[in-house]
Amino acid sequence: MSPSAASGRAPGRTTTVACAAALHAMGEATLSELSSATGLSRPTVKEHLTELPHLVEITTGAEHGESPTPSGGRPASRYRFRGRHGFVIGAEIGKHDERILVCDVAGRILHVGQHHDPEPSSGRERISAFRARLDRVVTDLRATHGQWLGLGVALTGGIGRDGRISYAPHYPDLQGLSAAEAGLVFGKVPLIVEHDLNAAAVAEHSYGAARGTDAFALALAWHELAAGVVLDGQVHRGSRNLAGELNLIIDGPAAPAHWSDEESFLPVLEAAERGDPEAQAELAQFATRAARHLAYLALAVDPELVVLGGPLAHRRVLTDLIGARLNAMMRKAYPVTLAVTENPTFGPALGALQLALTHTFGTLLGDPAFPARIDVRPLHTDPQVGSCGEAGPAVLV
């Protein structure tokens with residue numbers, strides 16, 4: 001999103017915000033580097049970045065160990081975002097797993113946390129435990145990174161247009177509640193609540209297999225399909241926020257009881273991987289159901305790409321079967337391009353974090369489309385790097 005050199009600004013964006021966007025994308029830069037990136041003069045860039053003293057700081061080249069220039073001049077000053085201005089949190093609350101990610105305004109990840117609860121509990125109990133863990137994280141971070149600027153939460157289930165939880169398959173006691181009634185509101189901290197697969201699709205679009213693709217679906221590799229759908233680069237929700245929820249269709253005989261969740265189905269998958277013929281036959285039935293739903297979705301939406309997500313997306317014995325069945329069903333139409341998620345563990349939490357960070361910059365800079373970026377490398381290397389504790393949004397407060 002580079003501004004026009006002729007006009008000195010990006011379409012619909014002030015010059016100050018354009019300079020901030022270039023700096024955020026680069027992480028740290030000199031005036032010359034920012035001038036080159038924006039097409040603006042160095043004095044213009046400097047003038048507009050000085051309008052953001054609360055967000056942008058200047059360091060000298062000497063602080064980075066740079067030597068004077070050949071003519072004896074001082075090393076060039078460098079600009080970067082003040083990471084300690086504040087932080088943003090993204091979280092996922094699933095059936096058994098909870099994940100919390102935190103980044104500062106520069107997009108650096110400060111905390112990576114995971115919690116697994118093998119025993120079922122009510123939604124209110126899960127949220128109460130989530131609040132307690134989040135309180136500990138926030139207490140640590142406020143001492144070092146300033147204000148808590150935003151919270152994004154990805155939930156399993158539907159979020160209605162009225163901001164209420166329209167259905168909650170794992171936590172029926174939350175159904176019909178607003179974010180405040182469910183206990184997700186933290187004082188005046190801006191809150192975004194999103195369907196977990198929509199949030200995962202946001203993450204995949206920015207940092208995953210769907211980079212550069214503006215029409216795709218992020219679909220669970222599962223016998224009952226749920227998907228986050230992105231069209232024209234935006235999450236597609238439908239009139240009732242139910243777009244992609246093919247799992248709500250009653251489609252033929254009921255599935256076996258042990259297909260109800262990953263943990264109960266996993267023994268079948270593992271036996272099939274070992275070559276057990278009965279398990280392989282059952283897995284073929286499972287994959288056929290998944291492929292049929294994917295075919296319905298593909299012809300209804302006509303995406304460029306379908307990304308398979310969820311905990312089973314990297315099990316080739318399953319995804320290869322799904323792909324083969326899908327293309328056999330689609331032979332009168334077109335071969336569907338399949339990919340596997342690049343964010344298998346933190347996709348929903350990362351998408352929630354992205355939504356919260358973008359909203360934060362919309363508030364700080366007045367640009368709702370500010371291209372905020374997160375440095376996701378810690379999530380793809382050691383998930384505990386930077387951890388300081390435990391391992392169209394529907395609701396804005």
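Which residue takes a positive phi in the hairpin of S5 and S6? Some notes on that and the rest of the model follow.

1. Ground rules. This is a predicted model, where local features need pLDDT of at least 70, side-chain atom pairs count only at pLDDT 80 or more, and totals for chains, interfaces and linings use all residues. Residues are numbered from 1 along each chain as its sequence is written, and side-chain values use heavy atoms, with hydrogens and water left out.

2. The overall count. You'll find eleven helices and 16 strands in the protein chain; helices (H or I, at least four residues) and strands (E, at least two) are DSSP runs, numbered from the N terminus. Of its 397 residues, 51% count as buried. Here buried means under 20% relative accessible area, exposed means over 50%, and partly exposed is in between (1.4 Å probe, protein chains only). The chain exposes about 17,800 Å², with carbon and sulfur atoms supplying 53% of that; the areas come from the Shrake-Rupley method with a 1.4 Å probe, and for residues only the protein chains shown count as cover.

3. Strand S5 and its partners. Two strands pair if DSSP finds at least two bridges between them. S4 (residues 86–93) runs antiparallel to S5, joined by seven bridges, and Ile89 has Val102 of S5 as its bridge partner. A hairpin with three residues links S4 to S5. On to S6 (residues 109–116): S5 pairs with this strand over seven bridges, again in the antiparallel sense, and Ile100 stands opposite Gly113 in S6.

4. Back to the opening question. The residue is Gly107, with a positive phi near 90°, in the S5–S6 hairpin that has four residues between the strands.

5. How enclosed is S5? Seven of the eight residues of S5 (residues 97–104) are buried, so the strand is largely enclosed by the rest of the structure. One thing to keep in mind when you look at strands: in a regular strand the side chains alternate between the two faces of the sheet.

6. The cores. A nonpolar core is a set of buried Ala, Val, Leu, Ile, Met, Phe, Trp, Tyr and Cys residues joined through side-chain atoms within 4.5 Å. The largest has 40 residues, and those with the most contacts inside it include Leu34, Leu101, Leu350 and Phe361. Elements that each supply at least two residues of this core include H1 (15–26), H2 (31–38), S5, S6 and H10 (347–365). H10 gives the most, with seven residues. Apart from this core lies another, of 34 residues, among them Ala219, Leu246, Leu269 and Leu312.

7. Leu350 up close. Not counting residues up to four places away in sequence, Leu350 touches Leu101, Ala203, Tyr207, Asn343, Ile374, Val376 and Leu379. Contact means heavy atoms within 4.5 Å.

8. The largest pocket. About 1,300 Å³ of space lies in it, and 43 residues line it, with Thr156, His170, Asp196, Leu220 and Pro311 nearest its centre. On a 1 Å grid over the protein atoms alone, a pocket is an open set of points with protein on both sides within 12 Å along at least five of seven lines, a cavity is a set of points where a 1.4 Å probe fits but cannot get out, and lining residues have an atom within 4 Å of a point. Grid points are joined across faces, edges and corners, and a volume is the space filled by probe spheres set on the points. H6 supplies the largest share of the pocket lining, four residues. S5 and H10 are among the elements that each supply at least two residues of that lining.

9. The largest cavity. Its volume is about 110 Å³. The lining has 13 residues, of which Ile93, Leu155, Thr156, Tyr171 and Leu174 lie nearest the centre. Helix H4 (residues 123–145) gives the most to this lining, with three residues.

10. Ile127. This residue is found in H4 and counts as buried, at 3% relative accessibility. Leaving aside neighbours within four places in sequence, Ile127 is in contact with Ile93, Leu174, Ala182, Gly183 and Leu184. Ile127 and Leu174 are 47 residues apart in sequence and 9.9 Å apart in space, C-alpha to C-alpha.

11. Two non-glycine residues with positive phi. Asp232, with phi near 55°, is in the loop between S12 (227–231) and S13 (234–236). Asn241, with phi of about 60°, is in the loop between S13 and H7. Buried or exposed? Asp232 is exposed, at 73% relative accessible area, whereas Asn241 counts as buried at 12%.
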